[in-house]
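Welcome! Let's take a friendly walk through a protein model, one part at a time. Have a look at it first.

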Amino acid sequence: MFVEAAARLGIEPIFTLVGDHLNEVLAAAARRGIRILDMRHESGVTHAADAWARIHRKPALSLVTGGPGHTNSLTGVATANLACSPLIAVSGSRPSTLAGRQAFQDIDQVAMVRPVVKWAAEVPDTAQIPSYLERAYAEADSGRKGAVHLTIPVDLLAAPVVAPVVLPPVVFPPPPPAPPDIHRAIALLRAAHRPILIAGSGIWWSHAEEALRRFIELTQIPLYTITMGRGTVSDDHPLVFGYADPALNYAVHTAFREADLFLIVGKRIDYRLAMGGPRLFPPDARFIQIDIHPQELGLNRPLDAAICADARLALTALADAAGPKPWPGTPWLERLRALRRDWEATLAHAASDAALPMHPAALCRELSQALPPDVLYSWDGGDFVHWGRALLPARTPGGWLRLGPLGAIGSSLPNALALQMAHPGRPVAVITGDGALGFYLAEMDTAVRHKLPIVVIVGNDAGWGLERELQSFASGGATVACELQPTPYDAIMRGFGGGGETVERLDEVRPAVQRAFASGVPYCLNVKIRGVRSPFTEWQIAGKKK
């Protein structure tokens with residue numbers, strides 16, 4: 001019944017790690033021909049399912065065993081929920097008849113997960129398995145999407161039942177904008193001299209890519225993107241000015257302070273935007289925010305107009321209200337282009353460093369020329385990775401997969417497995433540091449077993465680079481617990497049955513990348529780099545100085 005209910009909802013594949021509580025349901029899924037991605041760690045399972053949900057913009061299913069399998073999964077569940085990703089996280093458990101009786105692996109799984117999900121429940125009897133899965137799907141996919149959880153005791157998955165309880169699907173249509181709010185926003189936009197549009201993940205979730213493009217081309221408002229908004233309109237577009245993140249795009253430091261109005265669509269005014277505060281935004285700038293979640297509107301920054309609506313419907317309504325003729329361009333666009341050129345020149349200067357070990361910026365410049373033009377990125381965290389995020393452009397909708405607000409480093413590898421499954425035949429690059437790669441190293445085995453030819457590019461500076469730089473700044477040079485072995489991670493990938501090589505010089509980068517993508521197997525490029533403070537880390541340090 002669980003498998004049939006999942007099939008009716010269009011949920012496939014199942015991300016899992018086998019355990020005693022799951023044997024019946026996995027056997028039923030295999031008999032039905034549902035694809036199963038079995039992995040090596042339950043947190044990796046939930047990360048990969050979260051990534052699948054983000055890529056497809058609909059609920060995905062993780063299935064783990066109870067007890068430690070459940071506790072291991074929680075980091076991925078919390079990551080999905082903060083990223084507004086509709087993950088349905090299902091855990092098995094001890095038999096329902098043994099609750100509270102000191103049974104093996106008996107913990108209160110629902111109470112444990114409830115603080116990090118939208119909704120959680122334990123299924124009370126076998127007949128209600130389909131209705132609970134239907135409810136979980138609706139909860140995950142409605143309004144602001146997010147993670148949900150079901151605990152299903154092992155005896156319920158094995159019990160016979162005559163009459164299952166099946167409820168009709170619940171459909172929650174996206175909310176349209178209120179016309180007075182649209183008219184208020186258009187009036188503010190027409191009065192602005194130096195407007196900026198910041199687009200976040202709400203663009204992706206609402207399928208608003210074309211609506212966003214149409215709106216900026218009609219109004220000539222410059223666009224900065226962030227989170228899953230990256231690539232929804234390509235960085236190559238003349239009205240797109242790159243990352244909205246001040247830690248990775250220093251052009252916004254001046255641009256945002258000179259702006260007189262911000263239109264923020266599908267993006268929280270959160271830590272990544274300096275909480276809307278004076279470190280990034282002028283106090284007298286006007287703000288318009290569009291968000292599907294009413295509680296988000298005005299959080300951290302007073303608004304001059306608030307639109308509670310689906311991003312696609314709101315942008316379509318704004319474009320319709322803006323009139324049929326394109327608005328005239330302004331000198332403001334040229335000012336922003338000049339600021340962007342200055343920042344790009346700063347990055348290019350760092351990338352011109354040809355000394356060994358390689359400067360991360362120099363490596364990323366080589367990657368920009370060597371990576372396939374249609375490459376899909378799975379980004380990790382850490383100092384090396386932030387150089388890549390600053391230097392490499394986002395060109396593909398859904399092709400710039402990040403960690404999310406929880407910052408669970410290491411998840412780029414399981415995320416990439418879902419990205420490759422979703423796009424067979426497309427090149428997928430994991431950009432990670434050596435510290436982050438260690439979290440889910442065994443998922444290299446998963447990539448090989450399931451023939452997912454991801455290319456893992458690891459910047460190896462034998463340490464926790466970002467923390468090393470922050471500690472060094474704070475202590476005048478001393479660090480604690482920041483050093484690692486200069487491990488040949490390519491040898492580990494080869495040990496699992498994939499391919500790999502170590503890269504030490506800039507002239508080796510391009511041919512190595514070409515060999516990696518041509519190999520047709522999971523491949524690891526172990527690139528020896530030196531630790532250099534990234535723009536992200538410099539931004540962090542600048543904040544500490546203040």
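Which residues are buried in α14? They are Pro-360, Ala-361, Ala-362, Leu-363, Cys-364, Glu-366, Leu-367 and Ala-370. Here, buried means under 20% relative accessible area, exposed means over 50%, and partly exposed lies in between (1.4 Å probe, protein chains only).

## About the model

This is a predicted model, in which local features need pLDDT of at least 70 and side-chain atom pairs count only at pLDDT 80 or more, while totals for chains, interfaces and linings use all residues. Residues are numbered from 1 along each chain as its sequence is written, and side-chain values use heavy atoms, leaving out hydrogens and water.

## An enclosed helix

Helices (H or I, at least four residues) and strands (E, at least two) are DSSP runs, numbered from the N terminus.

What lies over those buried residues? The cover includes the helices α13 (331–351), α15 (383–391) and α21 (509–518), along with the strands β16 (455–460) and β18 (523–528).

## The nonpolar cores

A nonpolar core is a set of buried Ala, Val, Leu, Ile, Met, Phe, Trp, Tyr and Cys residues joined through side-chain atoms within 4.5 Å. The largest one here has 102 residues, and the members that touch the most others are Leu-197, Ile-198, Phe-215, Phe-256, Phe-262 and Leu-525. Helix α13 gives this core its largest share, 8 residues. Apart from it lies another core, of 49 residues, including Trp-205 and Met-228.

Take Ile-198 as an example. Leaving aside neighbours within four places in sequence, its contacts (heavy atoms within 4.5 Å) include Tyr-224, Phe-256, Phe-262, Leu-273 and Phe-281. As a general rule, nonpolar side chains in soluble globular proteins tend to be buried together.

Where are the cis peptide bonds to look for? One runs from Glu-12 to Pro-13, with omega near 5 degrees, and Pro-13 sits in the loop between α1 (2–8) and β1 (14–16). Another runs from Leu-356 to Pro-357, with omega near -10 degrees; Pro-357 belongs to the loop between α13 and α14.

Two alanines also deserve a look. Ala-274, in the loop between β10 (261–265) and β11 (286–291), has a positive phi of about 55 degrees although it is not a glycine. Ala-462, in the loop between β16 and α19 (465–475), has a positive phi near 55 degrees. Are they buried or exposed? Ala-274 is partly exposed, at 22% relative accessible area, whereas Ala-462 counts as buried at 17%.
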